[in-house]
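Me: I am new to this structure and would like to go through it step by step. Could you show it to me before I begin with my questions?

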Amino acid sequence: MKIGIYGGSYNPVHKGHTELAKALREQGLVDEVWLMVSPLNPLKQEDKAEYASYDDRVKMVQIATEGMKGVKVSDFERDLPLPSYTITTMEALEKAFPEHQFVLVVGADNWQRFDRWYKAEEIRRRYPILVYKRPGYEVSNKETVDTPLYDVSSTQIRQAIREGNDTSQWLAPRVANYIKENGLYKA
């Protein structure tokens, strides 16, 4: 089976994440998409206060993907060394699931700085990469997959929550309820 590994902090997971995952699968680019919740992204410098706990982030992704055919949540990186280097994750996945082919899913924002990733050339050489479009990041159409463009980020959503603004257009209702019930992302 061809598995798309779509890693991220998912802090919080939003409709852009889940709709992209569905589109990749529905277009036949992969058989399944695994939303790989990263415990610690080595390239993100966010304030620790901005982060929901790892367990909360995994739970939100589980809630957001419930009932979605071919879209799964993965906490595979939970037990891998920190920080979460993509090459380490991909190699560990190959060992754990030798029956699958793994494809890396990255946004145009990360593709533009891909050379900064640990062992970037080795990743390029060993794994197929699907690049999806992100607002404000120009990438050649030859390099990107044709998926819908979602103009939202988790950073914007956290800001909106802190300011008490409506986030219903971005968050699944049950995810929004989870955030509210657990007091996440408040100032």
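Me: Between which two elements does the loop with Val30 lie?
Reply: This is a predicted model, and the elements in it are numbered from the N terminus. In that numbering, the loop that holds Val30 runs between H1 and E2.

Me: Is Val30 buried or exposed?
Reply: A residue counts as buried when its relative accessible area is under 20%. Val30 has a relative accessibility of 3%, so the term that applies to Val30 is buried.

Me: Which residues does Val30 touch, not counting residues up to four places away in sequence?
Reply: A contact here means heavy atoms within 4.5 Å. With residues up to four places away in sequence not counted, the residues that Val30 touches are Lys2, Ile3, Gly4, Leu24, Arg25, Val103 and Leu130.

Me: What distance separates the C-alpha atoms of Val30 and Asn110?
Reply: Along the chain, Val30 and Asn110 are 80 residues apart.

Me: Which element gives the largest share of the largest nonpolar core?
Reply: The largest nonpolar core has 33 residues, and those touching the most other members are Tyr6, Leu24, Leu35, Met60, Val175 and Ile179. At least two residues of this core come from each of helix H1 (15–26), strand E2 (32–37), helix H2 (54–65), strand E4 (101–107), strand E5 (129–132), helix H6 (154–162) and helix H7 (173–181). The largest share, six residues, is supplied by H2.

Me: What pattern does the protein chain follow along the sequence?
Reply: The protein chain contains seven helices and five strands. Read along the sequence, these elements follow the pattern β-α-β-α-β-α-β-α-α-β-α-α.

Me: What is the radius of gyration of the protein chain, and why does the chain count as being as compact as a globular protein of that length?
Reply: For 187 residues the globule rule gives 16 Å, and the value for the protein chain is close to this, so the chain is as compact as a globular protein of that length. Its C-alpha trace spans about 45 × 35 × 35 Å along the principal axes, and 47% of its residues count as buried. The radius of gyration itself is 16 Å.

Technical notes:
Residues numbered from 1 in each chain as written. Predicted model: local features only at pLDDT ≥ 70, side-chain atom pairs only at ≥ 80, totals over all residues. Heavy atoms only, no water. Helix = DSSP H or I, 4+ residues; strand = E, 2+ residues; numbered from the N terminus. Rg over C-alpha atoms; globule rule 2.2 N^0.38 Å. Buried < 20%, exposed > 50% of the residue type's maximum accessible area, 1.4 Å probe, protein only. Core = buried A, V, L, I, M, F, W, Y, C linked by side-chain atoms within 4.5 Å.
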